[in-house]
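Q: I have a chain open here and I'm new to it. Could you walk me through what it looks like?
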Amino acid sequence: MTQHPDCWIVQFIDIPPAITAGQTREEALLNAEDCLDVALLCLFDDEDQPFPPPPSPGGDARVSPTAPIAAKLALMIAWRDSGLSKSAFARRLGKSESEVRNRILNPKHKTALATLDAAARALGKRLTIDIVPGTAAEVRDAAE
């Protein structure tokens with residue numbers, strides 16, 4: 001994250017095409033969440049790129065994907081690592097292959113948390129949720 005005279009720019013060291021900005025540091029970090037969501041979904045679809053990307057040595061701000069995208073990506077990674085075909089996965093879920101392909105494993109389709117959890121369990125996994133401390137701006141805004 002770098003400050004320029006009229007804006008803050010956020011670049012992701014480990015995802016070079018992902019870059020965004022904001023007029024304030026807080027706005028840049030908020031925009032960075034959306035940018036990261038889109039970049040990770042695109043990166044997952046690019047079979048020539050490693051996914052998830054290798055961790056970077058760190059930076060001056062921590063940005064995480066939004067909860068719905070993190071849950072969806074976690075399931076997509078678990079499915080990919082399982083080696084199951086989409087049709088075999090659908091059979092385990094008791095769903096049609098079309099529903100699995102067009103909804104559950106489609107990164108652009110919003111999937112209910114209960115559905116993602118059921119899908120994870122069909123892979124012998126569990127979807128878990130964690131609450132972590134927010135950014136300084138989020139903590140400040142929550143206190144107001």
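Predicted model: local features only at pLDDT ≥ 70, side-chain atom pairs only at ≥ 80, totals over all residues.

Q: How many helices and strands does the chain have, then?
A: The chain has 6 helices and 3 strands.

Q: What about contacts, what share join residues at least 24 apart?
A: If we take the contacts between residues at least 6 apart in sequence, 51% of them join residues that are at least 24 apart.

Q: Switching to pockets: how much space lies in the largest one?
A: The largest pocket holds about 1,100 Å³ of space, and 40 residues line it, of which Glu 33, Ser 64, Pro 65, Thr 66 and Ala 67 are the closest to its centre.

Q: Which helices supply at least two residues of that lining?
A: Those are helix H1, which covers 25–45, helix H2 at 67–82, helix H5 at 113–122 and helix H6 at 136–143.

Q: Which one gives the largest share?
A: That is H2, from which 7 residues of the lining of the largest pocket come.

Q: Last one: how do the lining residues divide into nonpolar, polar and charged?
A: In the lining of the largest pocket, 22 residues are nonpolar, 11 are charged and 7 are polar.

Conventions. Residues numbered from 1 in each chain as written. Heavy atoms only, no water. Helix = DSSP H or I, 4+ residues; strand = E, 2+ residues; numbered from the N terminus. Contact = heavy atoms within 4.5 Å. 1 Å grid on protein atoms, 1.4 Å probe; cavity = no way out; pocket = protein on both sides within 12 Å on 5 of 7 lines; lining within 4 Å. Points joined across faces, edges and corners; volume = space filled by probe spheres on them. Nonpolar A, V, L, I, M, F, W, Y, C, P; charged D, E, K, R; others polar.
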